[in-house]
Amino acid sequence: MAVKIYDVTIGSHADKAGIKKGETLLSINSNEIVDVLDYRFYQVNRKLTLEVADEDKNVRTVEMTKGEYEEIGLEFETYLMDKQHSCRNKCIFCFIDQLPKGMRESLYFKDDDSRLSFLFGNYITLTNITEHEIDRIIKMHISPINVSVHTTNPELRCKMMNNRFAGDTLKYLKRFADAGITLNCQIVSCPGINDGDELVRTLTDLENLGVNMTAIVPVGLTRYRENLYPLVPYNKETAGQTIDIIEKMGDECVKKHGRRIFFPGDEFYLLAEREIPSPEFYEDFSALEDGIGMIAYLTDDVGWKLEELDADESLCHKVTIACGEGVFPYMKRIMSMINEKFPNITINTRAIKNNFFGGGVNVSGLVTGGDLIDQLRDDDLGDRLIITSSMLRFENDLFLDDVSTDDVERELGVTLVPVNNNGNDLVEAVIAGKD
């Protein structure tokens with residue numbers, strides 16, 4: 001394979017070497033270039049020999065010397081320099097299959113791309129990875145690799161992922177582990193299917209492989225599950241039982257390996273009506289993006305931020321913070337911490353019921369713009385409405401239901417302030433008042 005050059009940065013090494021837009025990059029130092037991983041890995045060296053073909057397919061050799069890690073200066077049509085790889089599975093718990101029609105088209109794409117695992121931390125199933133990719137990951141020592149395991153029982157994995165090859169691909173975990181590749185794993189736990197004894201088996205197998213970290217999260221079920229596999233949600237009892245398994249095995253790992261390795265998602269504690277563990281439990285908070293330790297992290301971070309600030313009774317305004325039903329008790333507690341230092345700020349904390357997705361969906365990141373409008377329309381929201389930025393797409397302008405931030409501001413007559421999951425941003429948003 002080869003990749004077409006979309007543009008050449010003016011003044012770059014490639015430009016000075018005479019490489020032109022529209023030509024094709026074939027290889028670097030005799031290594032075939034297929035996509036962004038090849039390009040970024042092989043362009044690192046100081047001395048490079050590039051094979052380039054012009055639009056008439058005439059091949060020539062271009063040599064250049066540059067600083068180590070310095071960019072060559074080639075641009076490509078897409079970031080990956082290739083099409084994004086889609087998922088070949090039909091998992092019984094897939095959240096995308098539970099989305100209603102009419103949402104943004106990008107939300108329905110199921111990615112399962114090993115390159116995105118390395119570049120952006122996405123999780124992959126290993127069911128559509130090729131031997132070439134396996135060999136390349138090992139050769140380049142690409143690490144960490146994030147893998148959606150769900151179970152190490154081959155037959156059960158085939159059933160859960162509706163893919164007859166899903167069990168066979170578990171062997172890649174050992175190949176990566178033997179090659180010294182760091183493995184971060186994820187398990188979507190479904191009551192009565194891969195929890196209980198099956199979860200014990202999976203965690204034991206992963207510990208024996210020497211994985212770095214495993215995040216276990218409860219299955220999320222929406223009201224749009226027509227003609228899908230019959231799953232049941234976790235309840236207080238079953239969530240508690242699952243926490244007990246994970247914490248017990250994590251404690252054993254701390255004794256044997258000096259680190260916990262296995263972490264229950266925050267939602268398990270909310271469902272079980274148990275206190276979130278202390279920040280020390282989560283060690284270095286390596287799985288925040290998976291919903292592991294987010295509440296403990298935010299609470300601790302807000303505490304550190306407040307220690308930096310002096311109490312101020314002159315601040316006197318009102319703000320509203322909207323969150324999912326699950327985290328509401330903890331958000332109320334965090335707002336009380338802020339109020340202790342700034343007692344004249346009125347903070348209205350509102351739990352938003354997820355009518356859009358229904359079912360057991362109660363996390364803040366899945367709150368929609370429509371539900372915000374419907375449930376806050378008659379409230380006195382004060383100077384600003386604070387939400388987590390995880391409710392919005394990357395550009396911070398659209399909610400999952402395609403309602404825009406401008407729509408929410410117009411309908412509610414308030415300034416909308418998205419904040420990241422850190423104490424500094426949250427405290428600053430609360431004490432800032434009206435813009």
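Buried here means under 20% relative accessible area, and exposed means over 50%. Keep in mind for every panel that this is a predicted model.

**Panel A. Helix α6 and its buried residues.** Helix α6 covers residues 171–178, and its buried residues are Y172, L173 and F176. Look down the axis of α6 and these buried residues fall within an arc of 105 degrees, so they line one face of the helix. Over on the other side of α6 you'll find K171 and D178, both exposed.

**Panel B. An aromatic pair made by F41 and Y42.** Searching the whole structure turns up 10 aromatic pairs. One of them joins F41 and Y42, with 5.0 Å from centre to centre and 85 degrees between the planes. That pair counts as edge-to-face, because the angle is over 60 degrees. Is Y42 buried or exposed? Y42 is buried, with a relative accessible area of 10%, while F41 is partly exposed at 34%.

**Panel C. The tilted rings of F95 and F357.** Here the ring centres of F95 and F357 sit 5.6 Å apart and the planes meet at 55 degrees, so the pair is tilted. F95 belongs to the loop between β7 (74–75) and α3 (114–120), and F357 to the loop between β13 (346–352) and α12 (369–376), so the pair ties together parts that are 262 residues apart in sequence. F357 is buried, at 0% relative accessibility; F95 is partly exposed, with a relative accessible area of 26%.

Panel D. Five residues, F263, F281, Y282, F285 and Y297, make up one aromatic cluster. Elsewhere, K21 lies over the face of Y6, at 6.0 Å from the ring centre.

**Panel E. The whole chain, for orientation.** The protein chain has 14 helices and 15 strands. Its C-alpha trace spans about 70 × 55 × 45 Å along the principal axes. For 435 residues, a compact globule would have a radius of gyration near 22 Å, and the 25 Å of this chain agrees with that. Of those 435 residues, 51% count as buried. Looking at contacts with a separation of 6 or more, 70% come from residues 24 or more positions apart. The accessible surface comes to about 20700 Å², and carbon and sulfur atoms account for 47% of that surface.

Notes
Residues are numbered from 1 along each chain as its sequence is written. This is a predicted model: local features need pLDDT of at least 70, side-chain atom pairs count only at pLDDT 80 or more; totals for chains, interfaces and linings use all residues. Side-chain values use heavy atoms; hydrogens and water are left out. Rings of Phe, Tyr and Trp (its six-membered ring) pair if their centres lie within 6.5 Å; planes under 30 degrees apart count as stacked, over 60 as edge-to-face and the rest as tilted. Buried means under 20% relative accessible area, exposed over 50%, partly exposed in between (1.4 Å probe, protein chains only). Helices (H or I, at least four residues) and strands (E, at least two) are DSSP runs, numbered from the N terminus. A charge sits over a ring if NZ of Lys or CZ of Arg is within 6 Å of the ring centre and within 35 degrees of the ring normal. The arc is that of the directions from the helix axis to the C-beta atoms. The radius of gyration is taken over C-alpha atoms; the globule rule is 2.2 Å times the number of residues to the power 0.38. Contact means heavy atoms within 4.5 Å. Accessible areas come from the Shrake-Rupley method with a 1.4 Å probe; for residues, only the protein chains shown count as cover.
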